[in-house]
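Work through the exercises below with the model open beside you. Try each task before you read its solution.

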There are 2 protein chains.
Amino acid sequence: VIPEVIRKLIKILMKFPSIGPRQATRLAFHLVHQEKSQLENFEQTLKELQKMRICPNCFFPYQGNYRLCPICRDNSRDKHVITIVEKETDLISIEKTKTYKGNYLILGGLAKREMLEPAQKQRLNALERRIKYELGGKVKEIVIALNPNTYGDFTFLLIKKQFENLADKITRLGRGIPTGGEIEFADKQTLIEAFKRRS
Amino acid sequence: VIPEVIRKLIKILMKFPSIGPRQATRLAFHLVHQEKSQLENFEQTLKELQKMRICPNCFFPYQGNYRLCPICRDNSRDKHVITIVEKETDLISIEKTKTYKGNYLILGGLAKREMLEPAQKQRLNALERRIKYELGGKVKEIVIALNPNTYGDFTFLLIKKQFENLADKITRLGRGIPTGGEIEFADKQTLIEAFKRRS
């Protein structure tokens, strides 16, 4: 009974992260009831999306006819401090703090099954080349801002190994009780880390 | 830091049912990394979607140059048995059983805050007119297949009141222990209904 166009749309939506067949079906039927102007706006936005570029330095998407993204173009930022994040939204969260003034590398994923995916390796190799040939062979600091879980920990070790001679120091974000969090509900590992890092 | 096009896309995606700002952001960045051909396919599907029609009888979307949807066009189906469902996906679930051979009305929502929304009232009025002027003033049965919760129960009462003289009987789907379900985990109300309807 599902019309062909809706079936096609469901197939597209199901490929999106964390959208299963049920939500895809609900979304498709939601879309069919949208005003023509809304759907045209959506279409237009998908068209514009195709014109976006991915920054060859940090891999963040950007608009406009430049070689680099606005962050990498910004000369007031310290190019010798580079924070490695898993995904674009992590970068956005860090930027919102308005306190970090270095550059980034978006990894696009974490190491699973004991090794990095080719896409992530490629990005790390691009950073390696940039440090070697554009940044004088060594940067001041690489901050590895990956989520504190098994995959993040393992990826940290792989990155540390690759870059140990290419940065004065390689750091990770602090671990501990989150601001506003409660000691009572903190898990054991968080408490252990919070104790270790007491100051 | 979020590029304008992505901001626009997030705004569109956030209007979708059960998609919050976080998931919308993740989806937008997922889309920006898609192949051009994938995005074009998505665009094309949205364009085709605009050509779909909504059936004036049951309000299910359909393709093609017909006055009614395939279900309402099907003369082997009993037009004098009409099942009222909340949404398209409920209709699809019922169709999958391959045992129901009547027609439908998709309500598009339930009564909240003690009354029906104008859109739902309109659909019920369309059904009322259809029964009065096309189906001889009275149908054999109206099955109200709304989810068994407070809103569904209340909507049932409103529909029953509007149609009591327009159908020989107005029924609801049976309530009880779902097939494969466990009595131990059934909630109290389900057990009460299952006892009441024992046979």
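Helices (H or I, at least four residues) and strands (E, at least two) are DSSP runs, numbered from the N terminus. The model is predicted: local features need pLDDT of at least 70, side-chain atom pairs count only at pLDDT 80 or more, and totals for chains, interfaces and linings use all residues. Residues are numbered from 1 along each chain as its sequence is written, chains are lettered from A and ligands numbered from 1 in written order, and side-chain values use heavy atoms, without hydrogens and water.

**Exercise 1.** Place Arg26(A) in chain A and state how exposed it is.

Solution. Step one: find helix 2 of chain A, residues 21-32; Arg26(A) is in this helix. Step two: recall the classes. Buried means under 20% relative accessible area, exposed over 50%, partly exposed in between (1.4 Å probe, protein chains only). Step three: Arg26(A) has 38% relative accessibility, so it counts as partly exposed.

**Exercise 2.** Find how chain A is laid on chain B.

Solution. Step one: superpose the copies by least squares on the C-alpha atoms of residues with pLDDT of at least 70 in both. Step two: read the result.

**Exercise 3.** Trace the salt bridge between Lys8(B) and Glu48(A).

Solution. Step one: apply the rule. A salt bridge is a side-chain nitrogen of Lys or Arg within 4 Å of a carboxyl oxygen of Asp or Glu. Over all chains, this rule gives 22 salt bridges. Step two: check the pair. The closest N and O atoms of Lys8(B) and Glu48(A) are 3.1 Å apart. Step three: locate the ends. The pair crosses between chains: Lys8(B) is in helix 1 (residues 4-14) of chain B, and Glu48(A) is in helix 3 (residues 36-49) of chain A. Step four: classify them. Lys8(B) is partly exposed at 26%, and Glu48(A) is partly exposed at 22%.

**Exercise 4.** Which parts of chain B does the salt bridge of Asp153(B) and Arg175(B) tie together?

Solution. Step one: the side chains of Asp153(B) and Arg175(B) meet at 2.5 Å, N to O. Step two: Asp153(B) lies in helix 7 (residues 150-163), and Arg175(B) in the loop between strand 6 (167-172) and helix 8 (188-196), so the bridge ties together parts 22 residues apart in sequence.
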